[in-house]
Amino acid sequence: MTGEQTRRRGAALEADILDAVWEELAEVGYARLTMEGVAARAKTGKQVLYRRWPNRAELVKAAMSHRTGTIVGRIPDTGELREDVLTLLRMMVARQREIGPDVIRGLLAEAPDLDPKVFGIVYDILLPMLQRAVRRGEIPTADLSRRAVTVPAQLLRYEMVISHEPVTDATLVEIVDEVYLPLLAGHG
């Protein structure tokens, strides 16, 4: 290879950009992360970023998925609703620990800038879990409002944003045993 740098395109360029996002987050934090800073670190123009991601929140969300994978496709199926929900919440907490509270709080503050579909993911994971639980006779129905289906994830988000302490397993058990399972048992 000569002294010229090969022009990156497609997946290689995208991976470099998403890696640059993590490096910038580690160095400057979410609040000071800019498209310009990411572009400079990735050695590309900010217009390249804006062609792929309309704003900082979408860019960081993409970097999260690139870095930690996604929960979609890994729907817990332990054979018991309680354990399925606890497993999902534990996965969410583990992901939050890897990503960091600064990024989670920053993204939630910019939630209006995110594609609304991102908030439907938890519903799409929990609903099949509830439908399996109905077939097993654990709960009377899975015909619930979107809000009722997603209660454990919403309570976990609340804990992640409000609490400045790591979310404990005891908190997850409390969400499931004292709030979610009684809520589900009361419907039908």
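Contact here means heavy atoms within 4.5 Å. By that criterion, and leaving out residues up to four places away in sequence, Ile104 touches Gln96, Ile99 and Met160. The model is predicted.

## Overall architecture

The chain is helical. It holds 10 helices and zero strands. Read along the sequence, the pattern is α-α-α-α-α-α-α-α-α-α. The C-alpha trace spans about 70 × 30 × 25 Å along its principal axes.

The chain has 188 residues, and 44% of them count as buried. Its accessible surface comes to about 10,300 Å². Carbon and sulfur atoms account for 52% of that surface.

Sequence separation matters for the contacts. Take those in the chain between residues at least 6 apart in sequence: 71% join residues at least 24 apart.

Charges come next. There are 25 positive and 27 negative side chains. The centres of the two sets lie 6 Å apart.

## The largest pocket

The largest pocket has a volume of about 530 Å³. Its lining comprises 21 residues. Met64, Met92, Arg95, Val118 and Arg157 lie nearest its centre.

Which helices each supply at least two residues of the lining? They are α4 (56-68), α5 (81-99), α6 (101-109), α7 (121-136) and α9 (151-162). Helix α5 gives the most, with five residues.

## Ile104 and Gln96

Ile104 belongs to helix α6, and Gln96 to helix α5. Is Ile104 buried or exposed? Ile104 counts as buried because its relative accessibility is 13%, and the cut-off for buried is under 20%. Gln96 is also buried, with a relative accessible area of 10%.

## Two loop residues

Lys43 sits in the loop between α2 (35-42) and α3 (46-52). Its phi is near 55°, a positive value in a residue other than glycine. Most residues other than glycine have a negative phi. Lys43 counts as exposed because its relative accessibility is 64%, and exposed means over 50%.

Ser163 lies in the loop between α9 and α10 (169-186). Ser163 counts as partly exposed, at 22% relative accessibility. Leaving aside neighbours within four places in sequence, Ser163 is in contact with Arg105 and Tyr158.

How far apart are the C-alpha atoms of Ser163 and Gly120? They are separated by 24 Å. These two residues are 43 residues apart along the chain.

## Accessibility at a glance

The table collects the residues discussed above.

| Residue | Relative accessibility | Class |
|---|---|---|
| Gln96 | 10% | buried |
| Ile104 | 13% | buried |
| Ser163 | 22% | partly exposed |
| Lys43 | 64% | exposed |

Terms used:
Residues are numbered from 1 along each chain as its sequence is written. This is a predicted model: local features need pLDDT of at least 70, side-chain atom pairs count only at pLDDT 80 or more; totals for chains, interfaces and linings use all residues. Side-chain values use heavy atoms; hydrogens and water are left out. Helices (H or I, at least four residues) and strands (E, at least two) are DSSP runs, numbered from the N terminus. Buried means under 20% relative accessible area, exposed over 50%, partly exposed in between (1.4 Å probe, protein chains only). Accessible areas come from the Shrake-Rupley method with a 1.4 Å probe; for residues, only the protein chains shown count as cover. Lys and Arg count as positive and Asp and Glu as negative; His and the chain ends are not counted. The place of a charge is taken as NZ of Lys, CZ of Arg, CG of Asp or CD of Glu. On a 1 Å grid over the protein atoms alone, a cavity is a set of points where a 1.4 Å probe fits but cannot get out, and a pocket is an open set with protein on both sides within 12 Å along at least five of seven lines; lining residues have an atom within 4 Å of a point. Grid points are joined across faces, edges and corners, and a volume is the space filled by probe spheres set on the points.
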